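Please consider the following note alongside the sequence and the model.

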Amino acid sequence: MKARIFGIVTIVAFIVGSGSVQGNAEEAEQWIWPTEGILTDLFGTRHAKHYGIDIAAPIGTNVETVADGKVTKSYPSSTYGNVVFIKQNNGYEAVYAHLHKRLVKQGDTVRKGQIIGEVGSTGRSSGSHLHFEVHKGNWNEHKTNAVDPLPLLDEEKLYAYLRGGVIREVFQSVYGETTNDGKVKTTVQKGDTLSNIAEKYGVSVSTLQAWNNLDETTIYAGEKLIVQQ
């Protein structure tokens with residue numbers, strides 16, 4: 001069972017890491033994770049009103065900036081709790097919320113990996129964790145620029161942050177669909193071949209054929225294929 005979970009998470013990490021982040025070299029470079037802990041909630045949950053990810057960790061755990069930038073805000077908020085906003089040099093603005101302590105102030109220049117605070121449970125929080133948001137451009141109160149942080153973060157460390165039920169949620173976030181019996185499906189896009197889908201999901205062509213009862217390798221755009229069982 002442990003080997004199967006490790007394999008699943010490795011595939012998730014690979015797919016997340018190969019997401020659709022585009023732009024200049026600095027923007028495309030993967031960022032470090034902001035803290036060490038367990039990934040407990042994802043972008044887009046809570047009826048699409050969760051605009052970041054949550055990483056549970058003990059109070060006092062170091063929080064580090066994921067990329068170089070400048071502190072735009074650092075203050076106690078009624079909702080975010082102790083919060084730090086950093087406008088990164090790559091054009092994104094990152095939000096580090098529910099902190100126990102803030103160790104930087106507005107106007108400070110920060111470097112990737114710099115400790116800017118400690119994990120806490122301040123503001124509107126039900127437990128000790130870091131709420132981490134990323135906005136492409138500037139943060140605004142309606143959060144219209146919010147993007148999923150997972151494709152931007154180091155995929156090699158993703159498996160270390162996944163536990164239990166969140167694995168299924170990550171599959172849904174990455175692949176788009178899971179069946180009631182836990183199988184994962186993907187929709188064939190124009191130009192896809194069975195061999196490149198097999199390579200992408202880390203399985204063999206023959207395995208895909210067996211899972212999908214295919215007698216030949218021809219597939220069609222819009223067709224749904226099982227890619228993980």
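**Note on the predicted model**

1. Leaving aside neighbours within four places in sequence, Glu118 is in contact with Gly60, Thr61, Val63, Leu99, His100 and Lys101, where contact means heavy atoms within 4.5 Å. This is a predicted model, in which local features need pLDDT of at least 70 and side-chain atom pairs count only at pLDDT 80 or more, while totals for chains, interfaces and linings use all residues. Residues are numbered from 1 along each chain as its sequence is written, and side-chain values use heavy atoms, with hydrogens and water left out.

2. Glu118 belongs to strand β8 (residues 115-119). Helices (H or I, at least four residues) and strands (E, at least two) are DSSP runs, numbered from the N terminus. Glu118 is buried but has no salt bridge, and the nearest side chain of opposite charge, that of Lys101, is 4.4 Å away. Buried means under 20% relative accessible area, found with a 1.4 Å probe and protein chains only. A salt bridge requires a side-chain nitrogen of Lys or Arg within 4 Å of a carboxyl oxygen of Asp or Glu. For charge, Lys and Arg count as positive and Asp and Glu as negative; His and the chain ends are not counted.

3. For the protein chain overall, there are 7 helices and 13 strands. Of its 229 residues, 41% count as buried. Among contacts with a separation of 6 or more, 60% are between residues 24 or more positions apart.

4. Ile55 is located in strand β2 (residues 52-56). The relative accessible area of Ile55 is 0%, so Ile55 is buried.

5. How many aromatic pairs does a search of the whole structure find? The search finds 5; rings of Phe, Tyr and Trp (its six-membered ring) pair if their centres lie within 6.5 Å, and planes under 30 degrees apart count as stacked, over 60 as edge-to-face and the rest as tilted. The Tyr80 and Phe85 pair is edge-to-face because the ring planes are at 80°, with centres 5.9 Å apart. Both of these residues, Tyr80 and Phe85, are buried.

6. Tyr96 and Phe132 have ring centres 5.2 Å apart and planes at 55°, so this pair is tilted. Tyr96 lies in strand β6 (residues 92-102) and Phe132 in strand β9 (residues 129-136), so the pair ties together parts that are 36 residues apart in sequence.

Technical notes:
Buried means under 20% relative accessible area, exposed over 50%, partly exposed in between (1.4 Å probe, protein chains only).
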